[in-house]
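Q: Could you walk me through this model, one local feature at a time? I would like the cut-offs spelled out as we go.

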Amino acid sequence: MLSTDALADKFLRLRGDFPVFRENPGLVYLDSAATTQKPESVIGSIVDFYEKSNSNVHRGVYPLAERATSLYENSRRAVSVFLDSSYEEVIFTKSTTEGLNMLASSLAGTGVYKTFAVPVFEHHSNFVPWQQYAKRNGLDFLPLPVSGVELSIESVRRVLSQIRAPFVFAVTGLVNSTGYRTDFEEIAELVHNHGGVIALDGAQLIPHERFSFRNSEIDFLAFSGHKLLAETGVGCLLMKKKFQEEIPPFLFGGEMVNWVEESDTSFAEGVSKFEGGTPNISGAISLKAAVEYLETVDMDLLEAHVANLTDLARQKLSAIPGLTIHSPENSHAIVMFTHEKIHSHDLSEFLGRRLNIAVRSGHHCSQLQLKSLGLTSSCRASFYLYNTFEDVGRLAEGIEEAVRWFL
Ligand code: PLP
């Protein structure tokens, strides 16, 4: 592994791949948990598709259409390589939100599962669908309390010993408000031992660490392309093959059927069943460019660099009087904080408008996590491969300047 400085140097050089920093000199972008910036290769892949190969997929038999189909399917292959899964387990979706809605609705529709269980610190996209589809289908819904910002294995064990099986346990890999990494590997084992299945919200995890779907006990994995350098409007739901027959489709329409008769329809097999309608073709192609870029960078080095940035941010911010860091000590990629006297919206507006430092403020689509901390709003700085130690320094200095200005 490279030293901290060598890593920082490597990643500093990669910044040049991201046109946004050329176009916005002085920008300190610390909102990658919301969406990441895009490298030239990703932007280029989208332009290239529209200039050279634009056509619908899986339909026409003329060369342009065949080229579009093969680009689209090559993207599925690239995602499967990136996540070490089978090509036949990758379903293209619009986003994590769509993948999780698809899953909650479809699993509820099987009539097999009795309970949906979800920790309360989840992003609303991994909480509300389970809550609502459980309600709509008369299933039990079990919101798991968290202690502060962490989910202890003991509390999961306690809940699982009382749960009605078979059940679905949905959990995030990395909490989007605080950067707490869950122990989803151990949770998955427990879930299976108690007769459940597990869905992992990978929206924050997948951009940040190497993941093997094949070697994990995770049954379903959802993530969004735009949080790992690709275009918005594309994501994936990975579904282990053994579930694909039992689970009904979510979207009925073109290309997901086998035969349509007046009285009923038989559905396509495999992942096609879950991809009704024209997909986001350029989005999928951009996702291939994104994962290939990440492979070149090396996910282990990326993780180490982001960990260094996060550690430094926690260290610098914790030295600012009046500032409270709510993220745990080992949070990854994300630091959530509040100031005792300055509202988080005022603080983030000051940083953004006066100093060109982009941090998020609000409840981060995680109202229950904030409620459990007695908060309604907080600031969140999040880091990705193009961030530098200088960015972290500017954040800390910016907060100090805001404190002098407001107080
Ligand atoms: N889950 C987590 C942990 C997230 O951080 C987000 C977005 O911030 C989502 C789900 C929803 O992602 P999207 O809006 O791309 O569907």
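A: Let me begin with a definition: buried means under 20% relative accessible area, exposed means over 50%, and partly exposed is in between, with a 1.4 Å probe and protein chains only. This is a predicted model, in which local features need pLDDT of at least 70 and side-chain atom pairs count only at pLDDT 80 or more, while totals for chains, interfaces and linings use all residues. Residues are numbered from 1 along each chain as its sequence is written, and side-chain values use heavy atoms, with hydrogens and water left out.

Q: OK, then is Gly60 buried, partly exposed or exposed?
A: Gly60 has a relative accessibility of 23%, and therefore counts as partly exposed. Gly60 sits in the loop between helix 3 and helix 4, where helices (H or I, at least four residues) and strands (E, at least two) are DSSP runs numbered from the N terminus.

Q: What is Gly60 in contact with, leaving aside its neighbours within four places in sequence?
A: With those neighbours left aside, Gly60 is in contact with Ala65 and Glu66, contact meaning heavy atoms within 4.5 Å.

Q: And how far apart are Gly60 and Lys288 in space?
A: Their C-alpha atoms are 22 Å apart, while in sequence Gly60 and Lys288 are separated by 228 residues.

Q: What about His364, what is its phi?
A: His364 also has a positive phi, of about 60°, and is not a glycine. The loop between strand 14 (360-362) and helix 12 (367-372) holds His364, which is buried at a relative accessible area of 1%.

Q: Where is the cis peptide bond?
A: The cis bond joins Ala165 and Pro166, with omega about -5°, and Pro166 is found in the loop between helix 7 and strand 5 (167-172).

Q: Switching to helix packing: at what angle do helix 7 and helix 8 pack?
A: Helix 7 (residues 153-160) and helix 8 (residues 184-193) pack at about 15°, with their axes 10 Å apart; axes are lines fitted to C-alpha atoms, for helices over the stretch in contact, and angles run from 0 to 180 degrees between N-to-C directions. That makes helix 7 roughly parallel to helix 8, since angles under 35 degrees count as roughly parallel, over 145 as roughly antiparallel, 65 to 115 as roughly perpendicular and the rest as oblique.

Q: Which residues make the contact?
A: Helix 7 contributes Ile153, Val156, Arg157 and Leu160, and helix 8 contributes Glu186, Ile187, Leu190 and Val191.

Q: And for helix 10 and helix 13, what are the angle and axis distance?
A: Helix 10 (residues 299-318) and helix 13 (residues 389-406) pack at an angle of about 20°, with their axes 10 Å apart, and are therefore roughly parallel to each other. On the helix 10 side the contact residues include Leu309 and Leu312, and on the helix 13 side they include Phe389 and Ile399.

Q: New topic: how many aromatic pairs does the structure hold?
A: The structure holds 17, where rings of Phe, Tyr and Trp (its six-membered ring) pair if their centres lie within 6.5 Å, and planes under 30 degrees apart count as stacked, over 60 as edge-to-face and the rest as tilted. Phe116 and Trp130 form an edge-to-face pair, 4.9 Å centre to centre with 85° between the planes. Phe116 lies in strand 3 (residues 115-119) and Trp130 in helix 6 (residues 128-137), so the pair ties together parts that are 14 residues apart in sequence. Both Phe116 and Trp130 are buried.

Q: Which residues do ring pairs link into a cluster?
A: That cluster consists of Phe18, Phe21, Tyr29, Tyr293, Tyr384 and Tyr386.

Q: Last one: where is Ser105?
A: Ser105 is in helix 5 (residues 96-110) and counts as buried at 17% relative accessibility. Leaving aside neighbours within four places in sequence, Ser105 is in contact with Tyr133 and Phe250.
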